[in-house]
Amino acid sequence: SYPYTAATQTPSKQTATQLKGRPKDQEVAEAAQVRQPERVWRKPSFAGGSTQGKDYGNAVHTLMEHIRFQKDMSLDYVNSEIARMEEEGFLTREECMGIRPEKIYAFFATEEGKALCAAPKVLREFKFSILVDAQSREPSMIGEKILLQGVVDCAMVEDSITVVDFKTDRVTKRTVAERAEHYRPQLEAYSRALERVTGLKVFRRVLWFFATGQPWEL
């Protein structure tokens, strides 16, 4: 019998999305281009008033990628940044209308948000590709490697690293713990990648659920 049957049945490449992440990880695995201004978008599904779903999540992640940090992240400033991103073509009018500025401001009013604005170095939408032991995914894959790819939302880099991952899931205070565990493998993969690339240790892994307005540490 062929001793490497498991290797023939296991993908040689895996994304952090497959570890419970988000579509952005799949994009980097497929070498998709980074989103640029002046693109024409279809009408988002949340334009009718619903602020849930993939389109809403994409809009919020685009905002968090491009918002300019400053010491005073007031609600007025958040609104002005949303207007700027519409003017510069990062967001459509419908996307801007679907974003709730008070939810964005609520994050920057927390200790996590203030620390992010004050951090000496911040990585946003950090793409990575690393080789990992396949045995961690499939016990029979002894001595094999797979390529793990993904995109880290945000990381504060000092003497150590704090990973911050933004989530737009519809959760409540009662369901947030279960949903957070859903994302644990994804954040573990992000942490492993950042430690490999920077040589620094990941000290904290924080999920920020905009629905509850509270951090959840894994």
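Guide: What follows covers the packed helix pair, then some single residues and the cysteines. The model is predicted, so local features need pLDDT of at least 70 and side-chain atom pairs count only at pLDDT 80 or more, while totals for chains, interfaces and linings use all residues. Residues are numbered from 1 along each chain as its sequence is written, and side-chain values use heavy atoms, with hydrogens and water left out.

Two packed helices are described by the angle between their axes and the distance between the axes. Helix H4 spans residues 75-87, and its axis lies 9 Å from that of H6, at an angle of about 125°. That angle makes H4 oblique to H6. Helices here are DSSP runs of H or I with at least four residues, strands are runs of E with at least two, and both are numbered from the N terminus. Axes are lines fitted to C-alpha atoms, for helices over the stretch in contact, and angles run from 0 to 180 degrees between N-to-C directions. Under 35 degrees counts as roughly parallel, over 145 as roughly antiparallel, 65 to 115 as roughly perpendicular, and the rest as oblique.

On the H4 side, the contact (heavy atoms within 4.5 Å) is made by Leu-75, Val-78, Asn-79 and Ile-82. H6 contributes Pro-101, Glu-102, Ile-104 and Tyr-105.

H6 itself covers residues 101-108, and its buried residues are Pro-101, Ile-104, Phe-107 and Phe-108. They sit on the same side of H6, because they cover an arc of only 120° around the axis. The arc is taken from the directions from the helix axis to the C-beta atoms. Buried means under 20% relative accessible area, exposed over 50%, and partly exposed in between, with a 1.4 Å probe and protein chains only.

Also in H4 is Glu-81, which counts as buried at 1% relative accessibility. Leaving aside residues up to four places away in sequence, Glu-81 touches His-66, Ile-67 and Arg-68.

Another glutamate, Glu-125, belongs to strand E2, residues 122-133. Glu-125 is buried at 10% relative accessibility and has a positive phi of about 50°, although it is not a glycine. Most residues other than glycine have a negative phi.

As for the cysteines, a search of the whole structure finds zero disulfides, a disulfide being a pair of cysteine sulfur atoms within 2.5 Å. The sulfur of Cys-117 has its closest cysteine sulfur in Cys-154, at 9.5 Å, too far for a bond. Cys-96 is buried, at 10% relative accessibility.
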